[in-house]
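Here is a friendly walk through one protein model. Have a look at the sequence and the structure, and then we can go through them together.

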Amino acid sequence: MASHAESRPLGVFECELCTLTAPYSYVGQKPPNTQSMVLLEESYVMKDPFTSDKDRFLVLGSRCSLCSRLECSLFYSKRFCLPCVQENISAFPQEIRQDLEKRKVPSKRTPSQPGSRT
């Protein structure tokens, strides 16, 4: 019965960048049912829905270490949202730069909003 209570969602995680939503069952650095696992940041976690193994979990996201937005994006020693990675791209190794090229960063301007020139 304890496992049923542990799997109940505490709330809904929503990424401030891509608006991904998912129910989370834990917030912190040591997810339940893990023996020696300690996350490097306070994270929103859910039980892995693709396995019956109660020790498996998915990290949904955390706050960006630079701007504090709640994000699901990139982890490289700390959590970084994609706009912050773009702004600081030279500080990341080549592997991260290559991975970023595969991702799309949402534009702050929609195509219907023309750029303003003053």
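Is glutamate 16 buried, partly exposed or exposed? With a relative accessibility of 46%, glutamate 16 counts as partly exposed, where buried means under 20% relative accessible area, exposed over 50% and partly exposed in between (1.4 Å probe, protein chains only).

## About the model

This is a predicted model, in which local features need pLDDT of at least 70 and side-chain atom pairs count only at pLDDT 80 or more, while totals for chains, interfaces and linings use all residues. Residues are numbered from 1 along each chain as its sequence is written, and side-chain values use heavy atoms, with hydrogens and water left out.

## Overall fold

The protein chain has three helices and eight strands, in the order α-β-β-β-β-β-β-β-β-α-α along the sequence. Here helices (H or I, at least four residues) and strands (E, at least two) are DSSP runs, numbered from the N terminus. Of the 118 residues in the protein chain, 30% are buried.

Valine 12 stands opposite proline 23 in E2. Six residues separate the two strands of this hairpin, and threonine 19 in the turn has a positive phi of about 65°.

Cysteine 18 also sits in the loop between E1 (11–14) and E2, and is partly exposed at 41% relative accessibility. Its C-alpha lies 8.9 Å from that of serine 73, although 55 residues separate cysteine 18 and serine 73 in sequence.

## Nonpolar cores

The largest nonpolar core has eight residues: Phe13, Cys15, Ala22, Tyr24, Tyr44, Met46, Leu60 and Leu70. Strands E2 (21–24) and E4 (43–47) each give two or more residues to this core. Apart from it lies another core, of seven residues, including Leu74, Phe80, Leu82 and Ile96. Such a core is a set of buried Ala, Val, Leu, Ile, Met, Phe, Trp, Tyr and Cys residues joined through side-chain atoms within 4.5 Å.

## Salt bridges

There are three salt bridges, each a side-chain nitrogen of Lys or Arg within 4 Å of a carboxyl oxygen of Asp or Glu. Glutamate 16 returns here, joined to arginine 63 with the closest N and O atoms 3.8 Å apart. Arginine 63 belongs to strand E5 (residues 57–63) and glutamate 16 to the loop between E1 and E2, 47 residues apart.

Arginine 79 and glutamate 41 form another salt bridge (3.3 Å, N to O). Because arginine 79 lies in strand E8 (residues 78–80) and glutamate 41 in the loop between E3 (26–28) and E4, the pair ties together parts 38 residues apart in sequence. Arginine 79 is buried at 7% relative accessibility, and glutamate 41 is buried at 13%.

Notes:
Pairing = 2+ DSSP bridges.
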